[in-house]
Amino acid sequence: MILASQDFSSRKNNMKITAIETHVCHARMRNWIFVKVITDQPGLVGWGEATLEWHTRGVVGSIQDLSELLIGEDPTSIEHLWQMMWRQHFWHGSGVVRSTAISGIDLALWDILGKVHGVPCHRLWGGPVRDSIRMYCHLGGGNLESFYETPVDNARQFADLAQQAVDDGFSAFKSMAVPPTMPVEGLKAIKAADACVAAMREAVGDDIDIMVDCHARPSPAMGMQFAKALDQYGLYFFEEPCWPESLDSLAAINAAVTTPIATGERLTHLAAFRDLFAARGCEICQLDLTHCGGFTEARRIAALADAYRIALAPHNPQGPISTAASLEFGFSQPSYIICEAVHQDVPWRSDVVQESYVVDEATRTVTAGTAPGLGVTVDEDEIRKHPFQQELPQRVFYPDGAVGDW
């Protein structure tokens, strides 16, 4: 139950954090890690998400470590607490496990602050800047097998899944039409990707936006070839064409094609985005609110992106609290262009978390909710029905047995 602000506002100056809990919910490919920050005010809790696939136990442990810094502190002193989590215990919080733990706690603290003031989070940051947000899906709606395991030699299946996305109301969708490749390969992989994108474009026409995600699989040389081959199809964006560490190569690919390059989901702090933007390695920033330091750091990253006129399209294939956070962020950020969302990863997704935002399923656009904070109600009994299990393994090896990128 989401409580109104009048229950807490008169007592907020005396408020303290009494506990931080993690609630793990197994969702096949990922274990959703929900973070619950509990205060000494009866009924006042905040919810966040800190999902990091294949690192669940590490994130849960990191949240337990960070909680030692926060118990007894005022949950509304969010910037102060963020600085403590980032800078204390000696090691800075830039590693992905710790930055994910920080993110989940930070989101929960903003959820509390919204409840204290009785407003959605986006109103804490100056109010809404748009009336609605467009969502895009993965091919197959986020189903693991459809999105990640559709072979690129089956262009017809890509076309059928693309048409299904449009039939489901989406005006934009993302595909993985680029196969894993060795550092240098011949034309076969390039032609296979071309055939898949051509089939999708023919199936849905020019009014639908198509994204292609390389998952940072290609080397810079192969990423450049894929980008040039697919440039003719007017993609909405071309995602992670090479490793995120390869800033100069990202910049070279971005400069070589008209398709906007998108990246940033694996970056975990402001300085990393500074270097990416300075190199002009992308036109679309895919910061992940559950990895980059939560709302507190994301707002700094967004301000920096504005200085470079780089758009925001946050990475968000995780659980439902992550989606609620991405939408709250989007209603406050002028450069936010679209929200990634999955809806068919597990059939019981909507049983675990109920949201206050409203989705028009005919257009897959979202209208902001009015409930305070993140506007989510979490059913802990439903979470307990899906306890931790090891995520389904995803491994890639090249034909010669060498390790590739998933």
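**Rings, pockets and a buried aspartate**

Counting by ring-centre distance, there are twelve aromatic pairs here. Keep in mind that this is a predicted model.

**Aromatic pairs**

- Let's begin with Trp125 and Phe295, an edge-to-face pair with 4.7 Å from centre to centre and 65 degrees between the planes.
- This pair ties together distant parts of the chain, with 170 residues separating the two partners. Trp125 sits in the loop between helix H4 (121–124) and strand E4 (133–138), while Phe295 belongs to helix H11 (residues 294–308).
- Trp125 and Phe295 are both buried.
- Phe273 and Phe277 make a tilted pair, because their planes are at 50 degrees, with the ring centres 6.0 Å apart.
- You'll find both Phe273 and Phe277 in helix H10 (residues 270–278), where they are four residues apart, or about one turn of the helix.
- Phe273 is buried, at a relative accessible area of 0%, and Phe277 counts as buried too, at 1%.
- Trp125 and Phe295 also turn up in an aromatic cluster, together with Trp110 and Phe329.

**The largest pocket**

- The largest pocket holds about 660 Å³ of space.
- Its lining is made up of 29 residues, and those nearest the centre are Glu53, Trp54, Glu265, Arg266 and Trp406.
- By type, the lining of the largest pocket has eleven nonpolar, seven polar and eleven charged residues.
- Where does the largest pocket lie? Domain 1 (17–119) and domain 2 (123–374) both contribute residues to its lining, so the pocket lies between them.

**The second largest pocket**

- Here the space comes to about 430 Å³.
- The second largest pocket has 18 lining residues, with Val342, His343, Arg349, Glu355 and Tyr357 nearest its centre.
- Helix H12 (320–330), helix H13 (349–352), strand E12 (353–355) and strand E13 (358–360) each give at least two residues to this lining.
- Eleven of the lining residues of the second largest pocket are nonpolar, three are polar and four are charged.

**Asp111**

- Asp111 is part of helix H3 (residues 96–117).
- Is Asp111 buried or exposed? Its relative accessibility is 0%, so Asp111 counts as buried.
- Setting aside neighbours within four places in sequence, Asp111 is in contact with Val45, Gly46, Trp47, Cys121, Pro372, Gly373, Leu374 and Gly375.

Terms used. Residues are numbered from 1 along each chain as its sequence is written. This is a predicted model: local features need pLDDT of at least 70, side-chain atom pairs count only at pLDDT 80 or more; totals for chains, interfaces and linings use all residues. Side-chain values use heavy atoms; hydrogens and water are left out. Buried means under 20% relative accessible area, exposed over 50%, partly exposed in between (1.4 Å probe, protein chains only). Contact means heavy atoms within 4.5 Å. On a 1 Å grid over the protein atoms alone, a cavity is a set of points where a 1.4 Å probe fits but cannot get out, and a pocket is an open set with protein on both sides within 12 Å along at least five of seven lines; lining residues have an atom within 4 Å of a point. Grid points are joined across faces, edges and corners, and a volume is the space filled by probe spheres set on the points. Ala, Val, Leu, Ile, Met, Phe, Trp, Tyr, Cys and Pro count as nonpolar, Asp, Glu, Lys and Arg as charged, and the others, Gly among them, as polar. Domain bounds come from an automatic or database domain assignment. Rings of Phe, Tyr and Trp (its six-membered ring) pair if their centres lie within 6.5 Å; planes under 30 degrees apart count as stacked, over 60 as edge-to-face and the rest as tilted.
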